[in-house]
Amino acid sequence: MNMRDFTTDHDWLSINTATIRRQQGHEVPLTRIIDQCAAHGVRAISPWRDQVAAAGLGAVARQLRALGMGLSGYCRGGFFPAVDPAGLQAALDDNRRAIDEAKALDAPCLVLVTGSLPGALNGAPAHKSLERVRAQVHDGIAASLEYARQVGMPLAIEPLHPMQAADRACINTLEQALDLCDALDPQRSGALGVALDVYHVWWDPKLRQQIARAGAERLLACHVCDWLTPTRDLLSDRGMMGDGVVELRKIRSWVEDAGFRGFSEVEIFSQSDWWQRSGDEVLATCIARHRTCV
Ligand code: ZN
């Protein structure tokens with residue numbers, strides 16, 4: 001299959017709003033970020049729930065409509081594991097709200113970061129059983145999927161790099177995510193799939209094979225950035241496309257061979273570099289690198 005040509009325009013570039021949530025070291029409101037993206041001719045974004053909540057869901061939906069801007073995804077649901085039934089239920093309730101918000105913003109999918117050992121994010125894991133949290137993630141997605149199907153909001157499981165297995169996601173490879181999809185949506189209905197983020201999966205020896213296995217029905221989102229050597233912070237030292245070692249164009253060729261034709265979403269958390277620059281510089285660089293490197 002022919003790969004789409006990204007070298008002459010940025011029609012298929014989406015900006016994950018975390019990429020410019022901090023500009024010159026300061027937090028920037030989502031409404032301003034959306035205007036900046038529009039000014040750079042960006043057709044789609046993927047906003048975060050906290051940014052949407054701060055700006056107001058209705059106001060964001062109206063602003064997007066007025067600008068003719070779409071979403072490439074909504075960040076994020078998940079974090080299913082908990083220590084007790086009340087905690088598990090609270091997570092399901094929160095995911096239901098996330099699904100409703102995604103629907104109100106007309107997102108193509110809600111991205112799920114599954115969560116892992118309860119308390120680990122705060123440095124106090126309640127236990128060490130990955131088996132238990134993986135079972136809770138299975139059950140949590142199954143329960144959320146029922147509601148997501150009713151309202152027509154696809155769920156996209158995002159496997160995270162294994163360095164985040166303890167605190168953010170106990171689903172760490174595309175294969176693991178697709179096994180969950182097969183278990184919960186064997187009919188490949190389109191209601192459940194994956195968000196493929198090159199930062200998390202670029203190293204995987206089974207990447208090509210698992211992308212082919214996913215196919216268009218399961219590939220719901222694609223996130224791009226780069227892997228820097230050395231990476232100085234596990235969470236917030238992502239590289240601009242072209243500055244690291246990820247074979248971005250090769251991976252995109254696999255994804256497109258599998259039938260994906262959606263947005264390529266730039267998602268860069270960069271505390272000490274890109275978040276210190278102006279939003280306009282970051283957007284202009286994203287656009288230029290998207291043409292030359294993605
Ligand atoms: Zn991502």
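**Note on the predicted model**

1. Asp106 sits in the loop between α4 and β7 (110–113). Helices (H or I, at least four residues) and strands (E, at least two) are DSSP runs, numbered from the N terminus. Asp106 has a positive phi of about 60 degrees, although it is not a glycine. Its relative accessible area is 64%, so Asp106 is exposed. Here exposed means over 50% relative accessible area, buried under 20%, and partly exposed in between (1.4 Å probe, protein chains only).

2. Residues are numbered from 1 along each chain as its sequence is written, and side-chain values use heavy atoms, with hydrogens and water left out.

3. Other backbone points. Phe79 also has a positive phi, about 45 degrees, and is not a glycine. Phe79 lies in the loop between β6 and α4. With a relative accessible area of 26%, Phe79 is partly exposed. Two cis peptide bonds deserve a look. One runs from Cys75 to Arg76, with omega near -15 degrees. Arg76 belongs to strand β6 (residues 74–78). Another runs from Thr229 to Pro230, with omega near -5 degrees. Pro230 is in the loop between β10 (219–224) and α9 (248–257).

4. Helix packing. Helices α4 (residues 85–104) and α5 (residues 130–151) pack at an angle of about 35 degrees, their axes 10 Å apart. Axes are lines fitted to C-alpha atoms, for helices over the stretch in contact; angles run from 0 to 180 degrees between N-to-C directions. The crossing of α4 and α5 is right-handed: the near helix is turned clockwise from the far one by less than a right angle. Residues of α4 in contact (heavy atoms within 4.5 Å) include Leu88, Leu92 and Ile99. Their partners across in α5 include Ala143, Tyr147 and Val151. By class, this contact of α4 with α5 has seven nonpolar, four polar and three charged residues. Ala, Val, Leu, Ile, Met, Phe, Trp, Tyr, Cys and Pro count as nonpolar, Asp, Glu, Lys and Arg as charged, and the others, Gly among them, as polar.

5. Salt bridges. The count is 23, taking a side-chain nitrogen of Lys or Arg within 4 Å of a carboxyl oxygen of Asp or Glu. Arg21 and Asp50 form one, at 2.8 Å, N to O. This pair links distant parts of the chain, 29 residues apart: Arg21 is in the loop between β1 (13–16) and β2 (22–23), Asp50 in helix α2 (residues 49–55). Arg21 is buried at 15% relative accessibility. Asp50, at 42%, is partly exposed. A network of salt bridges links Arg149, Asp179, Asp182, Asp185, Arg213 and Arg218.

6. Core. The largest nonpolar core has 77 residues, and Leu196 and Ile211 have the most contacts inside it. Such a core is a set of buried Ala, Val, Leu, Ile, Met, Phe, Trp, Tyr and Cys residues joined through side-chain atoms within 4.5 Å. A second, separate core of six residues includes Cys109, Val111, Leu220 and Ala221.

7. Val201. This residue is in helix α7 (residues 198–201). Val201 has a relative accessible area of 2%, so it is buried. Not counting residues up to four places away in sequence, Val201 touches Pro159, Leu196 and Leu207. The C-alpha atoms of Val201 and His161 are 6.4 Å apart, though 40 residues separate them along the chain.

Technical notes. Predicted model: local features only at pLDDT ≥ 70, side-chain atom pairs only at ≥ 80, totals over all residues.
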